[in-house]
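Dear colleague,

Please find below the structure that I am handing over to you. My notes on it follow directly after.

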2 protein chains.
Amino acid sequence: MENDDIYYMKEALYEADIAYKLDEIPIGAVIVCDNKIVARGHNVRNTDKNPLGHAELIAIDWAARYICDWRLEDCTMYVTVEPCPMCAGAIVQSRIKRLVYGCDNNKAGSCGSILNIVEESRYNHQVEVTRYVLENECACMMKSFFKKLRTVSKEK
Amino acid sequence: MENDDIYYMKEALYEADIAYKLDEIPIGAVIVCDNKIVARGHNVRNTDKNPLGHAELIAIDWAARYICDWRLEDCTMYVTVEPCPMCAGAIVQSRIKRLVYGCDNNKAGSCGSILNIVEESRYNHQVEVTRYVLENECACMMKSFFKKLRTVSKEK
């Protein structure tokens, strides 16, 4: 595991923590180009009442605005949790070079868990994938969120 | 093939034609709820320099704003071409009930051609799919666009 990967994943965890404090599923992402964070995002699906409000899509939207191109070919995305099919597809569509994620998502993960969209050879772009960077920290934040959610549900 | 499906697919073709005139790959979409078009979109990926600028994502974004919910459970999406993995994933994420599309996309189609994201039983939502409504019209618009593109490329 490279030091840079840990550094940027901590930044993605910082974004995930913002989502946590909004009572959103705590997933955060940053996009890095030339050793610089060019875009950030955290899950705001409930807050914005929008199915496109995932951390990865928000970060891709900002990165495209920053780079002024729909092709993010020199970019690496760091995201705390394995992307869903929508976000995995967006990573392929934007031609992001490399994806680094923290922990698996057994219910919707589409970078190996259910399907593997980012490494599918029949699409016109394949992504290099590094898994399990700060896995415990990323998984603990998710577990803590769902534990809190269950406690609140029981109290109601 | 129901008359309503033909009517709404013609509206999606109208959106695709707007993309065609912008020199964008001619794909259009509408979202229908309670027999009313609640959102429309056409491909603007190059115009907006944004990988999220697909017809389906734009229509989903507007539909969520209209319905004020990330769940589009009572909605049907009509789109001229089989959705890519990003858009197919967004259809699953937004829990759209039914998808109607015109023609297959052999290069990126993810509703049966390459992968089948919308009917994948391991995700938490499956979409009812109706294929090949106004297939010829939808496919002809794509063929005409790529023929024009090749002619322009040769002239350069």
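Across which strands of chain B does helix 1 lie? In this predicted model, helix 1 (residues 3–21) of chain B lies across strand 1, strand 2, strand 3, strand 4 and strand 5 of chain B, and runs at about 55° to strand 3.

The sheet of chain B

The strands form an open sheet of 5 strands in the order 2-1-3-4-5, with mixed pairing. Strand 2 and strand 5 (128–130) stand at the edges with a single partner strand each, so one side of each has no neighbour in the sheet. On average, and ignoring direction, neighbouring strands of this sheet are turned by 20° against each other.

Strand 1 (residues 28–33) of chain B is mostly covered, with 6 of its 6 residues buried. B:Gly28, B:Val30 and B:Val32 point one way from this strand, while B:Ala29, B:Ile31 and B:Cys33 point the other way.

The pairings of strand 1 are as follows. Strand 1 runs antiparallel to strand 2 (residues 36–42) of chain B, to which 6 bridges join it. Here B:Cys33 stands opposite B:Lys36. The hairpin of these two strands has 2 residues between the strands, and B:Asp34 in this hairpin takes a positive phi near 50°. Strand 1 is also antiparallel to strand 3 (residues 75–81) of chain B, with 5 bridges joining the two; B:Tyr78 of strand 3 is the bridge partner of B:Val30. Strand 3 and strand 4 (residues 98–103) of chain B, in contrast, run parallel and are joined by 5 bridges, and B:Thr76 stands opposite B:Arg98 in strand 4.

The largest pocket holds about 1,000 Å³ of space. It is lined by 38 residues, of which A:Ile25, A:Asn105, A:Lys107, A:Met142 and A:Phe146 are the closest to its centre. Two or more lining residues come from each of helix 2 (45–48), helix 3 (55–67), helix 4 (85–93) and helix 5 (135–155) of chain A, and from helix 4 (85–93) of chain B. Helix 5 of chain A gives the most, with 9 residues. By class, this lining has 18 nonpolar, 8 polar and 12 charged residues.

The second largest pocket holds about 860 Å³. Of its 28 lining residues, B:Ile25, B:Asn105, B:Lys107, B:Met142 and B:Phe146 are the closest to its centre. Helix 4 of chain A and helix 3 (55–67) and helix 5 (135–155) of chain B each supply at least two lining residues, and the largest share, 4 residues, comes from helix 5 of chain B. This lining divides into 14 nonpolar, 6 polar and 8 charged residues.

With kind regards

Technical notes. Residues numbered from 1 in each chain as written. Chains lettered and ligands numbered in written order. Predicted model: local features only at pLDDT ≥ 70, side-chain atom pairs only at ≥ 80, totals over all residues. Heavy atoms only, no water. Buried < 20%, exposed > 50% of the residue type's maximum accessible area, 1.4 Å probe, protein only. Pairing = 2+ DSSP bridges. Axes fitted to C-alpha atoms, helices over the stretch in contact; angles between N-to-C directions. Contact = heavy atoms within 4.5 Å. 1 Å grid on protein atoms, 1.4 Å probe; cavity = no way out; pocket = protein on both sides within 12 Å on 5 of 7 lines; lining within 4 Å. Points joined across faces, edges and corners; volume = space filled by probe spheres on them. Nonpolar A, V, L, I, M, F, W, Y, C, P; charged D, E, K, R; others polar.
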